[in-house]
Each structure stands twice: as C-alpha cells, then as structure tokens.
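Have the model open while reading.

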Amino acid sequence: MTVIRQNDLIDSVTDALQYISYYHPKDFIDAMHQAYQREENPAARDAIAQILINSRMCATGHRPICQDTGIVTVFVNVGMQVQWDADMSLDDMINEGVRRAYNHPDNILRASILEDPDGARRNTKDNTPAIIHHRLVPGDQVEIHVAAKGGGSEAKSKFAMLNPSDSVVDWVLEQVPKMGAGWCPPGMLGIGIGGTAEQAMKMAKESLLEPIDIQDLQARGASNRAEELRLELFDKVNRLGIGAQGLGGLTTVLDIKVKDCPTHAANKPVAIIPNCAATRHVHFHLDGSGPAILPVPEIDDWPEIAWEAGEGVKRVNLDAITPEEVATWSPGDTLLLSGKLLTGRDAAHKRMVDMISKGEPLPVDLKGRFIYYVGPVDPMAGEVVGPAGPTTATRMDKFTRTILEETGLLGMVGKSERGPSAIEAIRDNGAAYLMAVGGAAYLVAQAIKGSKVLAFEDLGMEAIYEFDVRDMPVTVAVDTRGDSVHTLGPVKWQEIIARR
C-alpha cells in the first residue's frame, strides 16, 4: 500500500505547470529544429526561427512561451493500491495546484478561465478549474499527465459522426485547410476515432501527450490501422503546403497522432484537436516518496539561432505612417515596427463598437493608428510587459468594418489569417493587416520598450494599452488591395510540393 500525501500532489501539479510554461518538451524542439533546417520558404523559415529563439529565451528566463498560458487539462491514473493522506478531493487537490501555479510570485501566469461561459463570463482569476480525467488502474502509484492548452488552437478542434463507409483521411484533409493558421502551425494533430462522441474527443486530446516519433514510425513501418493513418496523413497534410503560421511551406505538422477504440456498427466518430507551437505538457509519477522531481533540461538542447533582418526588410515609423506608405506594402513583406502601437482585443472591440452604435465618443483616437490584438502576461520585476504574442485575429473580424470606417484606423496586427468579410473591409478602407508570429510571445515582448493603459482599465489584459515598440518584426498578411499571404502562400507551396 502506497500513501500519497495531499501536499505532494499539490506541489507536483504546481511545479509541473510552472515547468511547462517555459520548457518545451525536447522532442518538440528537435522536431521544430529539423523543420527549420529543411524549410525553403523564407517567410516560414523566419517564423520557425522566431519560435525556436523564443523557446530558448523562455527556458533561460523562466517566462511563458506564450502569453496564452492555457486551460489546464490533467489525466490521472490512480493505482488501486494507493491510499491518500488527504482531506481534499482529488479534483480539489489538483485545482489547488493550478491556483498556486498561476499565481506564483516568480512567474505569474495569465488566468484565462471564465466562470460562466455564456453569461457574464467572469474570470476566476486563478485559472481554475482544470479539466480533469481519472482512471483507476492496477498498481500502487499515481501517474499524472499535465498539459496547458491555448485557446487559439483549442478553437480549431473538429468533430464529425462519419458514416461507416466514409474516409477518415478525406475528412481530415477537408478539415485542415478550414482550420486556417489560428492553431499556430507547425504543431501536432491529435485524432480520435471510435467510441462515442465524447470518447473520440478525449482520445484526440490524450494522443497529444505522446512524444513526437513519426520518423521512427516511418523507419519501422506501420503495424496497425492507426499507424497506417498516421503515416498517410502526415504525408498528405504536409503536402497541403499550409506551412508555418499558414505562410506556405514544407512543414505544416510535426507529427500526427491517432488513438482509436471500438464503436457502434452504425457510427464512425472522428475528432481532430491540434497542438500549437506552444506545445506544453509533462508526465510524472507519485510513489509516496514526496513531490515529483522534474528533470531540468540542458540549454544545449536548444539550437542557437540568431534572428536577423534580411534583405528587403522595411523599417516603419508608426508615429509618422501614412496611407501612401501602407499602400506600397505587399503580402509577405517583412516589416520592423517602431513607435506607438495601440492594443485591443475581443472585449475592447465589442465595447468600442457598442459605443459607436450609441453615438458616444471613443476614449482613444484611432485615426491613422495601428492596433495590436494582444492580451499580455503581467510583467515581472524589470519588465515593461510580460510575454505579449498576438491573439487570433479572426475573432475581431465582425468588428473590423465598423472600426475601420468609423474611426480611421489604418492597420491591425494579429495572429493567423483574416476571414472574407474582414479582408473586404481592409480593401475598401485602404488599410492593412500585419501578422506577428504566434508562439514567440517572449521574443515579441523584448521589442516593447514602454506600456501604459489608455482606456477600459477594468478589462485587465483586454484593456487598451499604448505600447512603445522598437523593431517589432511582423509580416504583411493582407495588403491594401485585399491580397492575403494566407491564400497566396499555401497555394504556391502546394504546387511546388506537388511537382516533387
């Protein structure tokens, strides 16, 4: 009989969540570095470089890989011979570990969990509760997988009840382009097949906890249907040419994971859940000897890559920008932004649009300005702002036309592609949309030299800030003519790959 103490579990969960906030798994770093070395599209290669540089910086600085520090998911296997020395439930112990991790004084993590999902949407302030899955298994230990999943990649999850004769491969290849770049490729796709609807989703999520090993599978060959699907989909998804951040390129996925289980004869439930470039998870056991001891990675596990502005990079002074200068940009251009940059995301945009509809003046003049879709992590000692990577831009699409036409806003900075309605509004108003790299939040924060709240302070991370930025790297994603790099890039690279 093994006795597991309450504080050992709480401390282990706390340590695990801090650990994964700044350490990528080594298999992920290795796979991303291999993708960097073989990538031929300069824009995609540059995006992967920023992700790798950011990861190394976070490992050394112990700061979050991404500003979206995720919703916590925990898989717990409890040995049937385990006895608990605890006065809290298992779920309460895990949630206490989450609470302590996200409010850790040395590395405060952004709390993103809302108490009432379809009402007031009040933030719980400590990122609880976690999503917890339990199993009772033979043995005398407790096995725990802890993961933190960003909202942008989780939002791209897909599910379908296919007919028994339908092709899983065809359905996946139909869905992946619809997912766009909001899940921050290159990453992993977890696929669950079988069971019931909820079981397929659970298997897809759990499969993402497995190490990246597609090259080993390619070398030894498939031994079952799930492995056959992994090999076929890995090749065919990468042939879509979507590439890093949706810019077009050779690597869209680093691995495909497939878990399956028996299902009803009339059904074929299939789920896809992507893991982004901020893949964060760790696995540990408790055996009664104390809290889990997590291995400290060697800094040599990270490649040394230097990001340098290449030929053709344009430096932009946001304090003197004109519509005429913006009109000279083309999709795929690399810009370095300096000057005053506003921020605002979902809640701020909704509030501004509501004020406009009521004829009320806005608290900030947006005319001729650029706004960055971001909700940064709180700063620690010596920081101007915490990790401050972009959030998914499509969530602002429904506000875009109103904001552009009613305020004179000149441009936006965000993550991934824009939808058709936003692109039309950008074109009609001679504006531009710029893309920052998702998964490089700490690197982006280094370009922010000043920060102050201008409006909506009650919204916390979603308030309107004014950042003073210096050489912040971005890519022109949609130009004033409405041409989008997220359309042009993948089409070009799909054709290049098909010719090989």
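Which residue in E9 does Leu189 stand opposite? Leu189 faces Pro274 in E9. The model is predicted, and what follows is computed from it.

Strand E9 covers residues 268–275. Eight of its eight residues are buried, so E9 is largely enclosed by the rest of the structure. Its residues point two ways. Lys268, Val270, Ile272 and Pro274 point one way. Pro269, Ala271, Ile273 and Asn275 point the other way. Both sets are buried.

E9 pairs with strand E6 (residues 158–162). The two are antiparallel, with five bridges between them. Here Phe159 has Ala271 of E9 as its bridge partner.

E9 also pairs with strand E7 (residues 187–195). That pairing is antiparallel too, with six bridges. Gly190 has Ile273 of E9 as its bridge partner.

How many residues of E7 are buried? Nine of its nine residues are, and E7 is mostly covered. E7 pairs with strand E8 (residues 253–263) as well. This time the sense is parallel, over nine bridges. Gly192 stands opposite Lys259 in E8.

The strand pairings can be set side by side:

| Strands | Sense | Bridges |
|---|---|---|
| E6 and E9 | antiparallel | five bridges |
| E7 and E9 | antiparallel | six bridges |
| E7 and E8 | parallel | nine bridges |

**Helix H15**

Helix H15 runs over residues 485–498, which is 14 residues. At 1.5 Å a residue, H15 should span 20 Å. Its end C-alpha atoms are 19 Å apart, which agrees.

Which residues of H15 are buried? They are Val485, His486, Gly489, Pro490, Trp493, Ile496 and Ile497. Seen down the axis of H15, these buried residues fall within an arc of 125°, so they line one face of the helix. The general rule behind such a face is simple. An α-helix has 3.6 residues a turn, so residues three or four places apart point the same way.

What does the buried face of H15 pack against? The buried residues of H15 pack against helix H9 (225–238), strand E15 (432–435) and strand E17 (464–478). A side-chain oxygen of Ser484 comes within 3.1 Å of the backbone nitrogen of His486.

**Asp397 in helix H12**

Asp397 lies in helix H12 (residues 397–407). Is Asp397 buried or exposed? Its relative accessible area is 11%, under the 20% cut-off, so Asp397 counts as buried. Leaving out residues up to four places away in sequence, Asp397 touches Arg418, Gly419, Ser421 and Ala422.

**Cysteines**

The structure has zero disulfides. Cys58 is in no disulfide, and the nearest cysteine sulfur, that of Cys66, is 9.4 Å away. Cys58 has 0% relative accessibility, so Cys58 counts as buried.

A disulfide needs the two sulfur atoms within 2.5 Å. Cys184 also counts as buried, because its relative accessibility is 5%.

Technical notes. Residues numbered from 1 in each chain as written. Predicted model: local features only at pLDDT ≥ 70, side-chain atom pairs only at ≥ 80, totals over all residues. Heavy atoms only, no water. Helix = DSSP H or I, 4+ residues; strand = E, 2+ residues; numbered from the N terminus. Expected span 1.5 Å × (residues − 1). Buried < 20%, exposed > 50% of the residue type's maximum accessible area, 1.4 Å probe, protein only. Arc of directions from axis to C-beta. Contact = heavy atoms within 4.5 Å. Polar contact = N/O pair within 3.5 Å; in protein donor to acceptor, adjacent residues only side chain to side chain. Pairing = 2+ DSSP bridges.
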